[in-house]
Amino acid sequence: MSIPSESPSGHNEEAPEQEFQSSTHHPPAPSGELFDITTTVDPAYIISLIRKLLPENVKHGERSKITTSSPPENEEGQSWSIDESENMKNVETFVKQSVDDKFYCQNECEDVAVGEETWEEFGCILWDLAASKTHAEFMVENFALEVLLATLMVSKSARITEINLGIIGNLACHDVSRKKITTTDGLIGAVLQQLFLDDTACLCEACRLITLFLPSNESGFLAEALQPEHILCRILWIVENTLNIQLLEKSINLLLAIAESKQDVVAILLPPLIKLDLPRSLVDLLSVEISKLTPEERSPERYSILDSILQTVEALSVIDDYSQEICSNKELFQLLVQLIKHPDKAEFANSCVTASVLTANILTDATDLALEISQDTPFLQGLLGVFPFASDDIEARSAIWSILARLLVRIQKTDPSKLHQHVSVLTSKSEVVEDELLICNVDDSSEDHRSSTKLTARTFALNGIVEILSRWRTLDDHMKGALSMEGCYVNEGDVDKMLHYCCKYTNK
């Protein structure tokens with residue numbers, strides 16, 4: 001099931017309301033009972049669905065121990081479990097109320113517990129319904145979370161657990177129902193325990209649910225629950241070991257959400273993750289994804305994974321306490337250079353833009369690295385090739401100009417042969433640079449942008465281009481011809497044209 005982490009997921013493509021509106025088998029609303037809910041779905045039907053999901057052993061007052069495929073351990077090596085007594089009491093209270101109060105829409109003696117296939121059918125309907133804010137609020141007001149918690153605690157079915165987590169995930173998309181999740185005793189703990197299952201679909205839903213919580217006002221509550229080392233170790237283990245593309249994307253997005261969280265969440269979760277060598281894991285993942293960009297192995301399904309890894313690293317690079325950890329990683333820098341140099345960027349352009357921003361961040365702290373790439377003409381060509389993909393991102397374009405400024409000041413001091421190669425690259429991308437300067441001209445009309453220090457990097461870069469082109473023009477014609485014969489052709493007309501518009505923009 002494909003489930004976007006930023007929005008409610010659903011089991012069916014079509015809106016459930018249309019299906020339910022024409023049904024005739026739904027139980028009627030309780031006599032004399034009016035529900036304060038505006039929906040095309042009969043509220044009594046929603047209640048009946050919730051009631052049908054109640055586990056049979058809970059319905060009859062039994063208590064079953066919680067079991068998982070891989071019981072986690074805490075730092076002392078003791079088994080990590082959930083205190084279920086209070087929750088079972090709440091669920092049993094719900095059962096009693098469901099018979100005695102407004103949930104009474106079936107015979108009291110009728111067994112409402114259902115088999116796995118029927119549970120899946122009813123659960124998927126509630127999964128879809130939970131995508132609606134109105135339905136979600138109605139569901140949590142009527143003990144849906146208590147029923148789902150009871151099911152998580154006793155179910156041995158991976159499919160039921162997946163649907164269960166999917167419903168809770170959709171409920172977490174809405175403010176009211178999300179707050180209710182945090183106040184339902186034991187529910188977050190039960191969700192986190194599902195991270196220790198070995199089922200891919202369940203892990204996808206668990207990661208999605210946690211990711212949905214992190215940008216919210218309830219993120220602090222979740223961060224405290226996530227903090228134990230064995231839980232964070234398990235998350236990193238999933239990221240590093242899964243072969244499932246969807247689970248890999250979900251788990252990396254979870255790490256990204258942590259890195260981009262509020263300051264209090266970052267303060268709780270990042271120190272232990274760094275201690276567990278999160279940067280090393282991210283670099284290893286990045287290496288694998290870049291290695292798969294060959295024509296033989298390239299897969300569009302993996303492009304979003306590559307971008308999420310880079311965004312996570314970028315988020316870490318701008319946090320003061322962790323920027324040095326990122327900027328001092330030579331392997332990371334080499335991978336970024338490799339990605340920017342890639343000749344075919346169109347299909348994963350966003351990743352190349354992110355890599356350029358990250359490279360600029362690194363060069364700000366590790367200025368000596370600029371010398372390593374200053375003579376790398378394929379890198380210069382690749383960097384200029386990123387400009388068209390960053391046309392609507394002022395920050396990214398400023399980052400590219402910043403890199404260029406650091407490179408060009410070193411290129412000016414190269415020997416004539418290297419200088420000729422760089423001029424060949426610059427003139428081959430002259431139209432790209434000219435188009436970028438036209439976009440800059442629009443940006444410069446903004447008073448805020450005119451006063452921005454970001455203009456300084458662009459001015460330095462343009463002055464560097466002018467200096468390099470002017471120096472090339474002073475070379476002996478015989479030397480120029482000989483160098484062009486070696487494969488680095490330079491058209492003097494292109495040089496003059498590029499000099500003209502670069503000088504024009506540096507003199508503005």
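A polar contact here is a pair of N or O atoms within 3.5 Å; within protein, one must be able to donate a hydrogen and the other to accept it, and residues adjacent in sequence count only if both atoms are side-chain atoms. This is a predicted model, in which local features need pLDDT of at least 70, side-chain atom pairs count only at pLDDT 80 or more, and totals for chains, interfaces and linings use all residues. Residues are numbered from 1 along each chain as its sequence is written, and side-chain values use heavy atoms, with hydrogens and water left out.

I start with helix α2, residues 43–52. Helices are DSSP runs of H or I, at least four residues, numbered from the N terminus. At the start of α2, a side-chain oxygen of D42 comes to within 3.0 Å of the backbone nitrogen of A44.

Next, the core. A nonpolar core is a set of buried Ala, Val, Leu, Ile, Met, Phe, Trp, Tyr and Cys residues joined through side-chain atoms within 4.5 Å. The largest one has 155 residues, and M139, L171, L195 and L404 touch the most other members. Helix α23, residues 394–411, gives the largest share, 10 residues. Leaving out residues up to four places away in sequence, M139 touches residues including I46, I50 and L171, with contact meaning heavy atoms within 4.5 Å.

Note on methods. Buried means under 20% relative accessible area, exposed over 50%, partly exposed in between (1.4 Å probe, protein chains only). Helices (H or I, at least four residues) and strands (E, at least two) are DSSP runs, numbered from the N terminus.
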